[in-house]
Amino acid sequence: MAAERQAISVSSQSYGAVDQMSHAPAEGYFGAVVPDNMTNGEEPSAPPAYPMDDVSGYEGTALGDGGGKGLPPPSDLVTDHGGGPPPAQTDWNIPAVSEDAAKEALLQYAASKCCYSSAPAKEMLFRSLQPFNTYRYRLETFIESRSSEWKTTPYRGEFVDSFLLGPAPLPWTIQVEVPTMFTDNITRVKVPHTSSLKDCHNCRCSGTIRCTKCHGRGKVQCWICHGSGNRLNKDRCTHCRGSGRSRCNSCSGSGHKTCITCSGKGQLLYYIELQVKWKNNIFEYVADQRSGFPADLFKEVTGEKMFVDEQSMVYPVVNFPDPSISQASQNALVQHHTQFASTSRVLRQRQTIELIPLTKVEYEWQGKWYSYYVYGDENRVYAENYPKKCCCSIM
């Protein structure tokens, strides 16, 4: 595994310190912090009029569109198959649960329902317990994708890591620490040698913008006399001293406010942010044994893992006793390859087959026949036609 992780972190060279923020929000850390009480009129009115710098390897990167430009991995990083095909599986039979276990499961089920009587579970006569071979196939494909986006932050005098210090490293040569396998994660990296200074487009480098509430006048209509200068009793308004205008609280009477785009600095630091995203993609299939049991309920329970195959890329399962599992494995691998191979790097794949206990229980109570299912290692119960239940309401 150590060799595998080293192969994953391949890089042609080091580029000095790289700032990384795992789970950093898409906005707020790298960009200007926008106050909650900011009005629409105080937002930047337009994006920068000048084009973004053209950086080799990051062509087409846009400014702050939220999605970023996808950067497919080079061909030499495409993962090859490792190991060999999985061994053929032998037949597995699922024994039916015992009558005692089936009865106890139904008793607990009835007790969990506020309006269910436990009488049928206590008094029932077993007629048959029919087991079903039920398999759950799962393919996990753990991928890494990279995208780029121009970001801005107010310039506060920090060092500017520009192209003068060398060319920017290519997207897939930047080293990042790979998280735990099959765990979703996001890391954001400030790409070295892509920084530059530009005048703030919102305030035209002044650091301030005209207050939209008073339109730069510093005063607004008096809220007490509504601009008349007098109260209802014709006395002079003491709040505005009869002028009908009072100081604007939004800008403290100055007529201008600090530019929220550059935080009053007048300049912005532009740089490319590389977003590295790891995602575990899951394909799941449960064999349909035509038992009448709703297959969606299998998601709530666990089974016994009878087969686990984990490699850089796995081979399809072959010669499995249930042919639908082998077919599901082939379909899953084709689907994941088609979906991810051209846009992402496959780091690891894992396929498992679980044996899920499922027993159909038929019983008699008060001269009538009923049935229910006991499923999963947890012995959950599904009893759609439980004989003695009622609806109650709280008044």
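This is a predicted model: local features need pLDDT of at least 70, side-chain atom pairs count only at pLDDT 80 or more; totals for chains, interfaces and linings use all residues.
I began with α4 and found I325, S326, A328, S329, A332, L333, H336 and F340 buried. I take buried as under 20% relative accessible area, exposed as over 50% and partly exposed as in between, with a 1.4 Å probe and protein chains only.

Residues are numbered from 1 along each chain as its sequence is written, and side-chain values use heavy atoms, with hydrogens and water left out.

**Helix α4, continued**

I checked the span of α4. The helix runs over residues 323-340, has 18 residues and reaches 26 Å from first C-alpha to last, close to the 26 Å expected at 1.5 Å a residue. The expected span is 1.5 Å times one less than the number of residues. Helices (H or I, at least four residues) and strands (E, at least two) are DSSP runs, numbered from the N terminus.

What does the face turned away from the buried side of α4 carry? I found the exposed residues P323, V334 and T338 there. I then looked up the partners of the buried residues: they pack against β4 (134-154), β11 (267-286) and β13 (345-356).

I turned to β15, residues 368-375. This strand is mostly covered, with 6 of its 8 residues buried. β14 (residues 358-365) pairs with β15 in the antiparallel sense over 8 bridges. Two strands pair if DSSP finds at least two bridges between them. Y363 stands opposite Y370 in β15. The hairpin of β14 and β15 has 2 residues between the strands, and Q366 takes a positive phi near 50°.

On to β16, residues 380-382. β15 and β16 also pair in the antiparallel sense, over 3 bridges. Y375 stands opposite R380. Their hairpin has 4 residues between the strands, and G376 in the turn has a positive phi of about 80°.

**Rings**

How many aromatic pairs does a search of the whole structure find? I noted 13. Rings of Phe, Tyr and Trp (its six-membered ring) pair if their centres lie within 6.5 Å; planes under 30 degrees apart count as stacked, over 60 as edge-to-face and the rest as tilted. The Y109 and Y386 pair is edge-to-face, because the ring centres are 6.3 Å apart and the planes at 65°. Y109 lies in helix α2 (residues 99-111) and Y386 in the segment after β16, so the pair ties together parts 277 residues apart in sequence. Y109 and Y386 are both buried.

I also logged a cluster: ring pairs link F293, F298, Y373, Y375 and Y382.

R146 lies over the face of W172, at 4.7 Å from the ring centre. A charge sits over a ring if NZ of Lys or CZ of Arg is within 6 Å of the ring centre and within 35 degrees of the ring normal.

**Q130**

Q130 is in strand β3 (residues 125-131). Q130 counts as partly exposed, because its relative accessibility is 40%. Its C-alpha lies 5.4 Å from that of T359, 229 residues apart along the chain. Leaving out residues up to four places away in sequence, Q130 touches L358, T359 and K360. Contact means heavy atoms within 4.5 Å.
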